[in-house]
Amino acid sequence: QSQTPPQKIENQTSSSTTRACCPAPHPHPFLGAGKGRASLGPLGASRTWWGRELIPFPGLRLTCVFGTCGVPTGLLAGLGGTKAQQTTLYPLVGRVFVHTLDHEAFLGLPEHNAVPTTVRITYHAHLQGHPDLPRWLRYTQRSPHHPGFLYGSATSEDRGRQVIEVTAYNRDSFDTTQQRLVLEIGDPEGPLLPYQAEFLVRSHDVEEVLPSTPASRFLSALGGLWEPGELQLLNITSALDRGGRVPLPIEGQREGVYIKVGSASPFSTCLKMVASPDSHARCAQGQPPLLSCYDTLAPHFRIDWCNVTLVDKSVPEPADEVPTPGDGILEHDPFFCPPTEAPDRDFLVDALVTLLVPLLVALLLTLLLAYVMCCRREGRLKRDLATSDIQMFHHCTIHGNTEELRQMAASREVPRPLSTLPMFNVRTGEQLPPRVDSAQVPLILDQH
């Protein structure tokens with residue numbers, strides 16, 4: 001938020017500057033030791049935003065966004081055990097509601113003191129007595145260094161009083177402070193807005209559109225495409241909440257945001273042509289849509305003109321016909337012939353055929369397989385008769401020789417030939433006793 005008050009707009013009211021005395025400065029526990037002191041000085045000058053005048057409260061920045069205004073009713077939490085700060089806001093049914101969770105408000109800093117850039121604060125908001133926010137309210141925060149936002153559009157079913165509890169966490173000192181937002185949801189004043197249009201802005205994220213400056217700039221730029229009349233924001237929704245994909249981490253890529261605008265003036269010819277079936281057919285073929293007027297939203301806002309939706313609620317929709325309950329008896333139909341009574345039938349034969357036939361077939365196949373495998377074996381005798389005598393003799397010789405060599409190697413008791421002894425001189429016949437009697441080591445190991 002800018003520290004200098006924004007320019008006043010039309011139909012704003014004025015009031016005198018209010019000053020009051022507050023306690024002396026004291027160390028703020030939420031900043032951590034040695035990080036700063038909270039100075040709760042006199043009230044500053046009045047500020048004006050969206051046609052309403054706000055008087056800042058020490059340590060609390062009030063927000064008046066799109067027809068809602070904050071009213072201080074308590075002190076800041078976390079200052080020496082005092083009770084939680086309470087703020088009353090007035091959202092309107094069918095109008096966008098945006099509340100900024102500033103770091104200054106939770107740190108208790110005066111208006112002229114800036115928040116240190118190293119302070120990291122996150123928020124957790126929920127409906128009092130429930131673990132989550134109401135269905136019409138959303139929370140978003142880009143990073144702990146950026147402010148948080150509570151935004152949404154209340155419906156007629158949400159009319160009444162709702163209490164939102166917000167807890168701030170200092171990620172550096174692990175201190176916490178609380179704030180209680182009392183939402184008095186009521187009906188909007190003024191004329192109805194039957195003409196509603198929704199645009200998909202590809203060049204922005206939802207956090208970039210929620211502040212008042214980009215939103216007012218969007219309405220001013222859209223006024224060049226619509227008939228003269230008052231335009232109001234009805235809803236702001238992130239494209240990710242509508243089924244969009246998370247963009248790649250490339251510079252210039254944004255998530256996208258849907259902005260819904262309402263007006264009491266009819267749609268312009270340009271908007272009607274963009275939302276016509278012919279324009280949608282061109283978009284389906286990859287061609288640019290039918291835009292007959294100058295795009296006043298460019299270059300600040302890149303609109304996806306193939307995703308423009310127009311809703312006209314000026315003509316009431318016909319009520320659905322309520323079906324009349326009858327007596328439950330069908331009318332006489334000459335073409336309908338109800339079935340006659342079927343005679344009694346004995347299904348015993350059918351059951352026996354269904355069960356016995358597969359069993360008999362399986363039994364026959366089992367007997368055939370057993371005969372082939374057990375009763376048709378040729379045996380070793382037929383195999384030996386079919387083999388030639390030379391092949392059989394050779395086969396037996398190999399086995400006999402192998403067994404004989406193994407027996408000779410196992411029972412080797414005769415002295416070895418002199419030629420096989422170590423240190424034997426062939427010319428003189430002289431021999432030396434071997435160091436190791438290797439004659440007892442068989443040449444072929446026993447493999448039995």
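A disulfide is a pair of cysteine sulfur atoms within 2.5 Å. The exercises below apply this cut-off to a predicted model.

**Exercise 1.** Find how many disulfides a search of the whole structure gives, and state their pattern.

*Solution.* The search returns two disulfides. Count the bonded cysteines along the chain: the pattern is 1-3, 2-4.

**Exercise 2.** Characterise the link of Cys270 and Cys293.

*Solution.* Start with distance. The sulfur atoms of Cys270 and Cys293 are 1.9 Å apart, and the two form a disulfide. Next, handedness. The angle about the S-S bond is -60°, and the link is left-handed. Then location. Cys270 sits in helix α4 (residues 269–274), and Cys293 in the loop between α5 (277–284) and β16 (309–312), so the pair ties together parts 23 residues apart in sequence. Last, accessibility. Cys270 has a relative accessible area of 7% and is buried. Cys293, with 26%, is partly exposed.

**Exercise 3.** Decide whether Cys375 is buried or exposed, and check its nearest cysteine sulfur.

*Solution.* The nearest cysteine sulfur belongs to Cys374, 6.1 Å away. Cys375 is in no disulfide. Its relative accessibility is 54%, so Cys375 counts as exposed.

Key: Residues numbered from 1 in each chain as written. Predicted model: local features only at pLDDT ≥ 70, side-chain atom pairs only at ≥ 80, totals over all residues. Heavy atoms only, no water. Helix = DSSP H or I, 4+ residues; strand = E, 2+ residues; numbered from the N terminus. Buried < 20%, exposed > 50% of the residue type's maximum accessible area, 1.4 Å probe, protein only.
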